[in-house]
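Please look over the sequence and the structure shown here.

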Amino acid sequence: MRLTFFFLLVLFSSSFAQNSSHDYVYQLPFESGKTVLIMQGYNGKYSHKNKFALDFRLKKGKFICAARGGKVVKMVEHNNEGGGNIKFINKANYIVIAHDDATYGGYWHLEQNGALVEVGDSVNAGDIIGRSGSTGFSSMAHLHFMVYSYDKKGKQYTMPTFFNTKNKGIRHLKSYSWVKRN
Ligand SMILES: [Zn+2]
């Protein structure tokens, strides 16, 4: 009797978990079949302290793909400066996509005129949305990606997410690892 109850509880909680936004499985934000290095992961020492953000090493001009579908709500692509100095923090080009659960996907450091979508566009996971670069606070071309939301006071917070990888299955991504997209 007790065991049956436990079993039902496990069943219920696992189906609940699959429906919660926290367990949504994201696509890697670059082209299918490519293998890319994660230069900096969650809580990284360089610029991700207390932040769930990921830096994918992508040379300038490489395609960036939507990690999850949604609607483009912000886009900046006029900037043409960047470097490993905090003074460049507001010089990044970027795209923000709103997901259907009040979370947002942020794609940072695109090259100048590197956004291939407009505000208001709907995109699906895997769609090409832009080209990588090194604008803003960035010492080398890469894509900074993060999923975030806002608390009741309007303060932004980032969150860890699962990714689908061809070489490592479904997982949280780690610094200095190579990940291949399906
Ligand atoms: Zn970053």
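In this predicted model, Lys-71 has Ser-122 of strand β9 as its bridge partner. That bridge belongs to the pairing of strand β5, residues 70-76, with strand β9, residues 122-123, an antiparallel arrangement with 2 bridges. Strand β5 is also joined to strand β7, residues 94-98, by 5 bridges, and these two strands run antiparallel as well. Here Lys-74 is bridged to Val-96 in β7.

The protein as a whole has 16 strands and 1 helix. Of the contacts between residues with a separation of 6 or more, 65% link residues 24 or more positions apart. Among the 182 residues of the protein, 33% are buried.

How high is the mean pLDDT of the protein? The mean is 92, and 88% of the residues reach 70 or more. Over residues 14-19, however, the pLDDT is below 50, and this stretch has 2 contacts in the model beyond near neighbours in sequence.

The last stop is Gln-156, which lies in strand β13, residues 156-159. Is Gln-156 buried or exposed? Gln-156 counts as exposed because it has 11 C-beta neighbours inside 10 Å, and the cut-off for exposed is 12 or fewer. Leaving aside residues up to four places away in sequence, Gln-156 touches Tyr-148 and Tyr-150.

How values were computed
Residues numbered from 1 in each chain as written. Predicted model: local features only at pLDDT ≥ 70, side-chain atom pairs only at ≥ 80, totals over all residues. pLDDT = per-residue confidence, 0-100. Contact = placed C-beta atoms within 7 Å. Helix = DSSP H or I, 4+ residues; strand = E, 2+ residues; numbered from the N terminus. Buried ≥ 20, exposed ≤ 12 C-beta atoms within 10 Å, placed from the backbone. Pairing = 2+ DSSP bridges.
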